[in-house]
Amino acid sequence: QMQLMESGGGLVQPGGSLRLSCAASESISRFPMGWYRQAPGKERERVASISSGRTTSYADSVKGRFTISRDNARRTVSLQMNSLKPEDTAVYYCKKDMWPTYWGQGTQVTVSS
């Protein structure tokens with residue numbers, strides 16, 4: 001069973017940047033991977049996805065601000081988040097986007113002055 005562990009969350013001021021990382025316990029090279037988030041009282045939503053061929057897609061709310069990338073050799077998936085807004089505050093999760101799916105435990109991102 002693949003294990004995923006997110007890191008890099010924290011408290012940042014509006015307009016700031018954070019870089020999230022997701023480390024996998026085994027090879028991810030063949031799998032699409034994604035970042036999701038869940039804000040208090042809201043449903044979990046997809047933020048960004050990257051295919052095995054490195055094709056990326058983003059939620060409209062983060063386009064132009066967030067960048068997803070992958071390093072198959074290091075078994076990591078990253079999410080660079082720039083120009084952060086208070087509405088980006090959420091727990092961010094990494095997910096293997098292919099059956100069987102696996103989720104990480106999440107990392108908290110808080111955007112506040």
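Here are my entries, starting with the ground rules.

**Ground rules.** I'm working on a predicted model, where local features need pLDDT of at least 70, side-chain atom pairs count only at pLDDT 80 or more, and totals for chains, interfaces and linings use all residues. Residues are numbered from 1 along each chain as its sequence is written, and side-chain values use heavy atoms, with hydrogens and water left out.

**Sheet.** Strands here are DSSP runs (E, at least two residues) numbered from the N terminus, and two of them pair if DSSP finds at least two bridges between them.

I then checked β1 against β3 (residues 18-24): they pair antiparallel over four bridges. Ser7 sits opposite Ser21 in β3.

Buried is under 20% relative accessible area, exposed is over 50%, and partly exposed lies in between (1.4 Å probe, protein chains only). This core holds 30 residues, and Trp35, Leu79, Met81 and Tyr92 have the most contacts inside it. Strands supplying at least two residues each include β4 (33-38), β5 (45-50), β8 (76-81), β9 (90-96) and β11 (107-111). β3 gives the most, with four residues.

Leaving aside neighbours within four places in sequence, Met81 is in contact (heavy atoms within 4.5 Å) with residues including Leu18, Leu20, Phe66, Tyr92 and Val109. Gly16, Ser17 and Arg65 are also on the contact list of Met81.

Where is the cis peptide bond? I found it joining Trp99 and Pro100, with omega about -10 degrees. Pro100 lies in the loop between β9 and β10 (102-103).

I also noted positive phi at non-glycine residues. Arg75 has a phi of about 60 degrees and belongs to the loop between β7 and β8. Arg75 is partly exposed, at 35% relative accessible area. Ser83 has a phi of about 50 degrees and sits in the loop between β8 and β9. Ser83 counts as partly exposed too, with 41% relative accessibility.

Notes
Core = buried A, V, L, I, M, F, W, Y, C linked by side-chain atoms within 4.5 Å.
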